[in-house]
Amino acid sequence: MTISVRKAAAAAVLGTCLTACGGGAGTTGAGPEARLGSPAASAAPSAPTPAAADPSAPASPQAGAPGKAPTMAPGPNGLTPVFERARQQSEKTVALTFDADMTSDQGPRAEAGEHFDNPQLISTLRSLKVPSTIFMTGRWAEEYPDQTKSIGTDPNFEIANHSYSHHAFKSPCYGLPALDGAAARADVDRAFDAFRKAGAINTVPYFRFPGGCYDDAALRALSTAKVTAVQWDVVSGDAFAKDPGAVAEQVLAGVKPGSVVVMHCTRSAAPVTEEAIQKIVPELRKRGYRFVKVSELIGN
């Protein structure tokens with residue numbers, strides 16, 4: 001059900017996109033972008049009058065804590081498991097994922113008017129009724145709390161963790177500043193906390209490594225977080241693309257049953273993604289594909 005993502009060929013294909021998505025200080029040749037994280041669930045209101053607790057009733061979800069969603073069993077020696085694509089699919093399903101990237105030092109650029117969000121893309125996904133998984137950084141959630149809450153309370157979406165700072169969990173990684181093991185684990189917790197503060201509910205225990213870079217040390221550092229690392233098998237090429245048709249063609253050429261497509265939810269770094277989606281969605285539906293969230297792929 002999983003494929004190793006450590007392939008030289010995949011790294012070569014991803015290089016341009018991931019370098020573009022790095023952003024922030026210390027990024028070599030990178031542009032202004034970032035990625036997504038995971039939200040949370042709101043606590044149920046108190047009952048107006050005392051009542052005996054029903055031991056069979058499910059506990060109320062806690063805002064900021066990942067909801068109950070299928071995860072994979074730990075890998076060898078307890079390492080965090082990695083999911084890239086569902087295998088042996090009996091039906092044509094595909095998960096579109098969007099990285100809402102923002103590195104921890106990009107606040108001044110946002111203040112100066114740079115848009116790391118893409119509300120039109122979210123609106124289009126809603127109007128087309130496309131279930132999607134948003135991998136969000138905690139810094140993005142802090143910059144756009146209203147949008148985070150809106151996305152994280154919409155059943156059409158689920159928010160997954162893309163770290164707080166969008167710093168690298170393995171070095172080198174496209175020029176991103178690197179975190180050590182303890183800092184990496186804390187970075188994940190800080191992102192979940194940012195989702196909680198924004199009021200997001202539909203969060204899932206999934207994590208995407210910034211830049212897609214990881215090794216056994218990174219998987220070991222996250223082992224206590226009880227998350228499933230989610231990569232991808234289809235690169236959209238939307239980072240800094242100017243031709244939505246070319247992005248759509250690349251996605252359509254790569255999708256297979258069970259695919260996970262990586263795209264972006266940041267206007268400044270991926271300005272034509274929304275237009276590409278308008279081409280991708282109807283064509284894949286015409287081919288018999290059904291759009292699902294990552295949680296459904298993992299669950300199957």
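Predicted model: local features only at pLDDT ≥ 70, side-chain atom pairs only at ≥ 80, totals over all residues.
User: How many helices and strands does the protein have, and what counts as one?

Analyst: The protein has 10 helices and 9 strands. Both are DSSP runs, numbered from the N terminus: helices are H or I with at least four residues, and strands are E with at least two.

User: Why is Met 136 called buried?

Analyst: Buried means under 20% relative accessible area, exposed means over 50%, and partly exposed lies in between (1.4 Å probe, protein chains only). Met 136 has 0% relative accessibility, so Met 136 counts as buried. Met 136 lies in strand 3, residues 132–136.

User: Why is Phe 240 called partly exposed?

Analyst: Its relative accessible area is 32%, so Phe 240 is partly exposed. Phe 240 sits in the loop between strand 7 (234–235) and helix 8. Its phi is positive, about 60°, although Phe 240 is not a glycine.

User: Is Ser 163 buried or exposed, and what makes it so?

Analyst: Ser 163 has 0% relative accessibility, so Ser 163 counts as buried. Its phi is also positive, about 85°, and Ser 163 is not a glycine. Ser 163 belongs to the loop between strand 4 and helix 6. Pro 172 is in the loop between strand 4 and helix 6 (181–198). A cis peptide bond joins Ser 171 and Pro 172, with omega about 0°.

User: How much of the protein counts as buried?

Analyst: Of the 300 residues, 52% count as buried.

User: How do you know that the length of helix 9 agrees with its number of residues?

Analyst: The expected span is 1.5 Å times one less than the number of residues. Helix 9 has 14 residues, so helix 9 should span 20 Å; its end C-alpha atoms are 20 Å apart, which agrees. Gly 288 follows helix 9 and has a positive phi, near 95°.

User: Which residues of helix 9 are buried, and why are they said to line one face?

Analyst: The buried residues are Thr 273, Glu 274, Ala 276, Ile 277, Ile 280, Val 281 and Leu 284. Seen down the axis, they fall within an arc of 135°, so they line one face of helix 9. The arc is that of the directions from the helix axis to the C-beta atoms. Among the elements covering these residues are strand 2 (93–100), helix 3 (119–127) and helix 8.

User: What makes the buried residues of helix 8 lie on the same side?

Analyst: Buried in helix 8 are Pro 244, Gly 245, Val 247, Ala 248, Val 251 and Leu 252. They cover an arc of only 160° around the axis, which puts them on the same side of helix 8. On the other side, Glu 249 and Ala 253 are exposed. The buried residues of helix 8 pack against strand 7, strand 8 and helix 9.

User: How do helix 8 and helix 9 cross, and what makes the crossing right-handed?

Analyst: The axes of helix 8 (residues 244–254) and helix 9 (residues 273–286) come within 8 Å and cross at roughly 35°. Axes are lines fitted to C-alpha atoms, for helices over the stretch in contact, and angles run from 0 to 180 degrees between N-to-C directions. The crossing is right-handed. A crossing has that hand if the near helix is turned clockwise from the far one by less than a right angle, and is left-handed if anticlockwise.

User: Which residues make the contact, and how do they divide?

Analyst: Contact means heavy atoms within 4.5 Å. The residues include Val 247 and Val 251 of helix 8, and Ile 280 and Leu 284 of helix 9. The contact divides into 8 nonpolar, 1 polar and 3 charged residues. Nonpolar covers Ala, Val, Leu, Ile, Met, Phe, Trp, Tyr, Cys and Pro; charged covers Asp, Glu, Lys and Arg; the others, Gly among them, are polar.

Key: Residues numbered from 1 in each chain as written. Heavy atoms only, no water.
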